[in-house]
Structures are given as C-alpha cells and as structure tokens.
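Take a look at the model below.

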Amino acid sequence: MELLAIVGSLRKRSYNLRLAHTVRERFADRFTLQIADIGSLPFFNEDLEESPPEAVEQFRGQIARADGVFIITPEYNWSVPGVLKNAIDWASRGSRPLIGKPVMVMGVSNGVVGTLRSQLHMREILASAGVRAAVLPPAGNEVLIRTGGDKFDGEKGLLADEDTLAFIDRKVGSFLGFIEDAAVPSGLK
Ligand code: FNR
C-alpha cells in the first residue's frame, strides 16, 4: 500500500512532520509513506491553471497514486495553516485527485484542544465540491495531540510517549481498514 502525508507545517522541527515520520516508521511493514512537498507549490492563482507549474502536477500525481492520504496539521489562529489551504485549493482543480480519496486527519498543537478547531475547519474544506474526499469519520477516530514537546523524543525527534503511540497505532489501523473497505466496489458490499 502506498500512502501520502500532507503536513500543514513547513518548519524543519515541526511536531506534525515528526508525527508523519513516526507513522512512517511504525507502519513500515504495512505501507510506504511519501510526504508531499507543499512548500514548493506557488500561491494558487487561476491565471496559472492553464499550464500549471511542475510542482502542482507532481502534487496532484502523488495524490492520485496514493491509496490514502493523511492530513497532519497544526492549528494556526483557530484554523488550518494557509500553506495547507493553498495545497488543497490546487488539488481541488484540474484532475481533482482528492475526490473519493480516503483521508485521515490528525494534528499536534500546543493549545488545550490540540488542533480541534483546525480539524473541524479541515473537515468542512474536505467536503467542498472540488475535494469531496472520503474522510475517515471523526467519531472514535479523532487524533488531537496536545504537546509542549514532552511527548517527543529529544534526539530522534519522533513521538515517544507510549500511550500516545498505542493510540496512534489503533487509529491508523482503523484508517487502513477504512481504505480496504473503500476499495471494495460498493455493489459487492
Ligand atoms: C500557532 N499555534 C496555535 N496553537 C493552537 O493550539 N491554536 C492556535 O490557534 C494556534 N495559532 C498559531 C498561529 C501561528 C501563526 C503559529 C505559528 C502558531 C501554536 C502551534 O500549535 C505550535 O506552534 C505548533 O508547534 C505548530 O506546529 P508544528 O510546526 O510544530 O508542526
């Protein structure tokens, strides 16, 4: 299985990026995980749509090839970071590769509600006309990680808190089951 992570922070030491690396390492025997380079995408501009920049085509191709997509994002000012919204706006046009794509939303932030507000906004965006992703239902599957840095290993930088890791294992496991169910043609269910 080949999955893609879209990470909403461009910061080198980003906790959300480190969560993506943690998932990649822990599930190496179940799937490969690419991390999209959304920092290379230009600002969305309808004038660029006729001949989209190479980075846009690459990004759309990565989504199209993936069996499922993780969106792993911090919360900025009670919403999704602009860089992530920009990436989704590009994906919502042209070949619109997110339509019907299994998506799981996760996030790490230092606020008391650990990205809840940004995830709620993200789910609205994922339901919009050009996106219409097949989002893992939130009930029982919300991954809202609150950190002051204490849950992450100081050296390797990966998530290290055992309880949180066990929780992540269960929720990502649910997503893999969701992808497999989604792959069954609906007439055969
Ligand atoms: C934040 N942060 C933040 N946290 C939160 O829980 N709710 C919020 O609304 C905001 N707003 C916000 C705005 C901006 C511009 C910044 C830079 C930060 C803090 C944020 O959760 C923290 O910096 C995370 O560590 C960012 O994620 P990464 O970069 O570590 O992945």
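Keep in mind that the model is predicted. Over residues 1-138, the chain is 33% helix and 18% strand. The end C-alpha atoms of this stretch are 23 Å apart.

Now the whole protein. It has five helices and six strands. Along the sequence they follow the pattern β-α-β-α-β-α-β-α-β-β-α. The radius of gyration is 16 Å, close to the 16 Å that the globule rule gives for 189 residues, so the protein is as compact as a globular protein of that length. Along its principal axes, the C-alpha trace spans about 45 × 40 × 30 Å.

Next, a helix pair. Helix H2 takes up residues 54-65, and helix H3 takes up residues 82-91. Their axes lie 10 Å apart, and the packing angle is about 80°. That makes H2 roughly perpendicular to H3, because angles of 65 to 115 degrees count as such. On the H2 side, the contact involves Val 56, Phe 59, Arg 60 and Ile 63. These meet Ala 87, Trp 90 and Ala 91 of H3. By class, the contact holds six nonpolar residues, no polar ones and one charged.

How values were computed. Residues are numbered from 1 along each chain as its sequence is written. This is a predicted model: local features need pLDDT of at least 70, side-chain atom pairs count only at pLDDT 80 or more; totals for chains, interfaces and linings use all residues. Helices (H or I, at least four residues) and strands (E, at least two) are DSSP runs, numbered from the N terminus. Axes are lines fitted to C-alpha atoms, for helices over the stretch in contact, and angles run from 0 to 180 degrees between N-to-C directions. Angles under 35 degrees count as roughly parallel, over 145 as roughly antiparallel, 65 to 115 as roughly perpendicular and the rest as oblique. Two residues are in contact if their C-beta atoms, placed from the backbone, lie within 7 Å. Ala, Val, Leu, Ile, Met, Phe, Trp, Tyr, Cys and Pro count as nonpolar, Asp, Glu, Lys and Arg as charged, and the others, Gly among them, as polar. The radius of gyration is taken over C-alpha atoms; the globule rule is 2.2 Å times the number of residues to the power 0.38.
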